[in-house]
Amino acid sequence: MRLPASARQLRVNRTTRYVLVVVCVLIALHSILAFTHEEYGRATSLSNIASQLSWPHRNGTGDFESLEKETLTSAWAPEATQTETETETGVDDAEDSATSDDSPSDTSPSADTPRKANATLLMLARNSELEKAAQSVRELEEKFNFRFNYPWIFLNEVEFSDEFKANMTELASGQVTFGVIPSDHWYQPEWIDEERATEGRNRLVEADVIYGGSVSYRNMCRFNSGFFYRHPLLQQYKWYWRVEPDVHFYCYVDNDPFLYMEEHNKTYGFTISLYEFEATIPTLWQTVKNFTTEYPQFVAENNAMGFLSEDGGESYNLCHFWSNFEIADMDFWRGEAYTKFFEYLDATGGFYYERWGDAPVHSIAASLFLPKERVHFFDEIGYFHNPFTHCTINWDLWHNKGCTCSSWMSFDYQQYSCKRRWDLVL
């Protein structure tokens, strides 16, 4: 018995509706999982699936060749390691401790050797962070350094373990050096009033501020603000790329960012900007205003004050560049303006009486003492440091760089990001 056409149409419509409902539910579940589980989002992204296939991959010259070929080529890069010896008075010059036996002996430049900047990759880490450090090194090598073989420097307030050294040396494509931070660069100075410092820490603990009670965190912030570029191992270098344990890199960096900075007269580069916790820096801005009043000659024309303040510098809007990622020129930190600036800040004890971070300190200095065009936003470098992600929203850039992040998850234009503020400044 044949059903009337209207009944057949009704059956088809019902079936179609059921299928559509199921598809919509699956899409919704996928979206929720991608949003709430970063690893799931990366694993199921179209670019990650594509990377598992033997499709051509763009190399650093603009030509296309397989990723497998590039990886095999990088395996022949010479490796070396250095260690640094600690003395009772500080840190001696680094000296070679092991070099690969099969490394080429002729390292003179040739027409086939691409030009490199005087630069290093820099990580501050502890022995207990071995796995997290290895993750960061592995990903940056895969996404960038196996093409360029820049050296790595690892710093710690104590000697690195043999296990840490062996693992990092195995992962790195360039020369590897391990150093110990001098005590007077790391620990709380004796002139700090410990009673006052303890009261400051207790206030932040009561306010539930992250790292509010940590002295070691304050040591790190002060070291990164005013001492890392003075370390003996870094004296020979001009540029650095700061890398922290437990970060992710999502896009292939097939152009040398150090050379880009050098060739385009840039000084400081960032990927993420956000607001600082006001409770950690209650007197920082007034101290900055006092400094610029005493040393007006250091304030650059056409600076980026508009990024820091919305009332011409009367108050600080708390915006800063997130300094766990930095590509910058250490000669700026070593220069007269920043040297006097850091010494002025440090003399107040604010790193310990409050909880001044290196991020606002670096950001304020770069924004005030440099013309704004010398600060660069690296849109093409996909990056994650818990809990924030930068992922370009430029489709062509995302595709051409083989990014595995989700653009819609990027922190750039979320509520607590300062990227909009930076866009207005430019």
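User: Is Cys405 buried or exposed?
Analyst: This is a predicted model, in which local features need pLDDT of at least 70, side-chain atom pairs count only at pLDDT 80 or more, and totals for chains, interfaces and linings use all residues. Side-chain values use heavy atoms, without hydrogens and water, and residues are numbered from 1 along each chain as its sequence is written. Buried means under 20% relative accessible area, exposed over 50%, and partly exposed in between (1.4 Å probe, protein chains only). The relative accessible area of Cys405 is 2%, so Cys405 is buried.

User: Which residue is joined to Cys405 by a disulfide?
Analyst: A disulfide is a pair of cysteine sulfur atoms within 2.5 Å. The sulfur of Cys405 has such a partner at an S to S distance of 2.1 Å, and that partner is Cys391.

User: What is the handedness of the disulfide of Cys391 and Cys405?
Analyst: The handedness follows from the torsion about the S-S bond, which is about 75°. The disulfide of Cys391 and Cys405 is therefore right-handed.

User: How many residues apart in sequence are the parts tied together by Cys251 and Cys403?
Analyst: A disulfide joins Cys251 to Cys403, with S to S at 2.0 Å. Helices (H or I, at least four residues) and strands (E, at least two) are DSSP runs, numbered from the N terminus. Cys251 lies in the loop between strand 11 (247–249) and helix 10 (257–263), and Cys403 in the loop between helix 17 (395–400) and helix 18 (419–425), so the pair ties together parts whose separation in sequence is 152 residues.

User: Why is the disulfide of Cys251 and Cys403 assigned its handedness?
Analyst: The assignment rests on the torsion about the S-S bond of Cys251 and Cys403. Because this torsion is about 115°, the disulfide is right-handed.

User: Is Cys403 buried or exposed?
Analyst: The relative accessibility of Cys403 is 0%. Cys403 therefore counts as buried.

User: Where does Cys319 lie, in relation to its link with Cys418?
Analyst: Cys319 and Cys418 are joined by a disulfide, S to S 2.1 Å. The pair links distant parts of the chain, 99 residues apart, with Cys418 in the loop between helix 17 and helix 18 and Cys319 in strand 14 (residues 319–321).

User: What is the pairing of the bonded cysteines, numbered in sequence order?
Analyst: The count of disulfides comes to three. With the bonded cysteines of the protein numbered in sequence order, the pairing is 1-4, 2-6, 3-5.
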